[in-house]
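Thanks for making the time, everyone.

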Amino acid sequence: MKIPVTLNDEKIILDAQPDESLLEVLRRRHFFSVKNACGKGQCGFCTVYLDDKPVHSCLIPAGIVRNASITTLEHFSKTEAYADIARGFEQADVHLCGWCNAAKYFSVHYLLTKVYRPSKDELNELADQQICSCTNRDSFINGVVYAMANKHKREGRKNGL
């Protein structure tokens, strides 16, 4: 099946079976930031941005992504938003294991695009969604707060901290 999509800002045609997972299709195209771990949508290691939302690509049948916009961590890592988050993680001394990078970066990015200044409850909810134990909860939350401050500074906004 030929499936037109925008992958990392490039219009392409994916060749895939309709019931094949987006994870499998992306790995076949050598996007290795998309990790094949649990296969059940629980770990988040296969996270991609699909139409401006983080999703677990292992749960997405390739047949439903027709005309969708897909962003992998390989592409996102070249953006200013990624740099804000990476700097925030560095400031909070967060060291990711490599498996959970896509889940953490995309979930933080999504939150910071939807909420100007996340509340304590929103930060705790985000931390609860991160199941990888490579970093502790407080460091991760601090990293998100630093990332928010970095984003606001880059955009010329006040932090309100």
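Let me begin with the criterion: a disulfide is counted here where a pair of cysteine sulfur atoms lies within 2.5 Å. Please keep in mind that this is a predicted model. By that criterion the structure holds zero disulfides. For C100, the nearest cysteine sulfur is that of C134, at 3.4 Å, and C100 is in no disulfide, because the cut-off is 2.5 Å. C132 is likewise in no disulfide, its nearest cysteine sulfur being that of C97, 3.5 Å away.

Now to the helices. Helix α3, residues 80-91, packs with helix α6, residues 137-155, at an angle of about 135 degrees, and their axes are 7 Å apart; that angle is why α3 is described as oblique to α6. The crossing of the two is right-handed. Among the residues that make the contact are I85, R87 and F89 of α3, together with F140, Y146 and R154 of α6. Sorted by class, this contact has seven nonpolar, four polar and five charged residues.

Finally, where does Q17 sit? Its place is in the loop between β2 (10-15) and α1 (22-28), and at 49% relative accessibility Q17 counts as partly exposed. Setting aside neighbours within four places in sequence, Q17 is in contact with A62 and G63, whereas the C-alpha atoms of Q17 and G39, 22 residues apart in sequence, are 17 Å apart in space.

Key
Residues are numbered from 1 along each chain as its sequence is written. This is a predicted model: local features need pLDDT of at least 70, side-chain atom pairs count only at pLDDT 80 or more; totals for chains, interfaces and linings use all residues. Side-chain values use heavy atoms; hydrogens and water are left out. Axes are lines fitted to C-alpha atoms, for helices over the stretch in contact, and angles run from 0 to 180 degrees between N-to-C directions. Helices (H or I, at least four residues) and strands (E, at least two) are DSSP runs, numbered from the N terminus. Angles under 35 degrees count as roughly parallel, over 145 as roughly antiparallel, 65 to 115 as roughly perpendicular and the rest as oblique. A crossing is left-handed if the near helix is turned anticlockwise from the far one by less than a right angle, and right-handed if clockwise. Contact means heavy atoms within 4.5 Å. Ala, Val, Leu, Ile, Met, Phe, Trp, Tyr, Cys and Pro count as nonpolar, Asp, Glu, Lys and Arg as charged, and the others, Gly among them, as polar. Buried means under 20% relative accessible area, exposed over 50%, partly exposed in between (1.4 Å probe, protein chains only).
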